[in-house]
Amino acid sequence: MSLSKDQYDSILLGYSRRQDRNRHELDRRRAEIYARIPEYRSLEESVPVMGMQALRRILSAASAAEEAPQPLRSAPSAAPASDFAARMADIAAAKRRLLVSNGYAADYLDPIYDCPDCRDTGYLGDRKCHCFRRQEISILYDQSHLSELAAAQNFDTLRESWYSGEDLIRFRKAAAAARAFTEEFGRVHRNLLFHGTVGTGKSFLSVCIAQKLLETRHSVIYFSAVGLFDHISALSFDYRNREQFTDFLSDLYGCDLLIIDDLGTEMTNAFISTQFFSLINERLLREKATVISTNLSHRELRDRYTDRVFSRIASRYESYEFSGTDIRLQKKILEKRGLSPV
Ligand SMILES: [Zn+2]
């Protein structure tokens, strides 16, 4: 999948807006420091004067070498240039000391970047930066839909009142794991398997996780199993779309978090099984986190998927069981009776 020209342009426009915003902020900070620490300003203004003086010395050294009689002629000395560099370093250090002694951070007047890696250009050489890829993924995989879901389904709207007894204990365990998962994300490599009966909060918790990670600017791809495998099949069998297929797999293998919802509802065949194994395995090798939700029990998972898929999931995913009556059904019944669900 690739971006349309408009989509690409709008991402680039975002970078130029970020650069403008950060430049303005830096100008504002500089004006503040000039007003509060006049000495800082004098130091800064001495730089162009010294630069001109150094340039003059370098030029006159060069022309003296040029005019010297042939046997005495030598390469122009590098001394004026290195002397200038040393003085510049002294001034930079003095400026930092001034900032710190006035209660500012030493880097207060350094250039400001949202993404220091690409300096808000979106590119590292001719490669797209991770911050560009995150936006690209968000557009390509229709995350406006995910964002809509996340607006209603997040840790703040999570309710325990749908559960009781053993079901509640299970749900609390899973919810605590989901929270810990987002808090430790990027530091600890974890994968989650939410399994259990229909409508007991598995997808809800998956969306909560997605919402948290989108908030912290991670690349998240969310697919229902049916949608995911349909997409893989459609792209792989269309030879005109070879490149798109490769890009799609590289997004699936490389995004920070992949969520596969409702595993087990898709049609499987040998090709899909192989693709599924590669996906699970590749993400484990790259230490990329995956969250899977399914209505299948462990036994059903083992029966439905190949041994190697099952063994990866059983050994590398933390498994949480969900149980209870179907919440979606309970909500519908309440709505029919004119009662709003809590
Ligand atoms: Zn970047």
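This is a predicted model: local features need pLDDT of at least 70, side-chain atom pairs count only at pLDDT 80 or more; totals for chains, interfaces and linings use all residues.

Trainee: Which protein atoms are the donors of the zinc ion?

Mentor: Donors are N, O and S atoms within 2.8 Å of the metal (3.2 Å for Na, K and Ca); water is not among the atoms, so sites may look incomplete. Here they are the SG atoms of C115, C118, C129 and C131, 2.2 to 2.3 Å from the zinc ion. Their spacing along the chain is C-x2-C-x10-C-x1-C.

Trainee: What is the geometry of the site of the zinc ion?

Mentor: Ideal angles for four tetrahedral donors are 109.5 degrees. Four donors count as tetrahedral if all angles lie between 85 and 135 degrees. The zinc site has angles of 103 to 114° among its 4 donor atoms and is tetrahedral.

Trainee: How many salt bridges are there?

Mentor: Side chains of opposite charge can pair when their charged atoms come close. The rule asks for a side-chain nitrogen of Lys or Arg within 4 Å of a carboxyl oxygen of Asp or Glu. The count comes to 21 salt bridges.

Trainee: Which residues does R28 link up with in a network?

Mentor: E25, R28, R29 and E32 form a network of salt bridges. The closest N and O atoms are 3.0 Å apart for E25 and R28, and 3.3 Å apart for E32 and R28.

Notes:
Residues are numbered from 1 along each chain as its sequence is written. Side-chain values use heavy atoms; hydrogens and water are left out. Four donors count as tetrahedral if all angles lie between 85 and 135 degrees; four count as square planar and six as octahedral if opposite donors are over 155 degrees apart and all others between 65 and 115; anything else is irregular.
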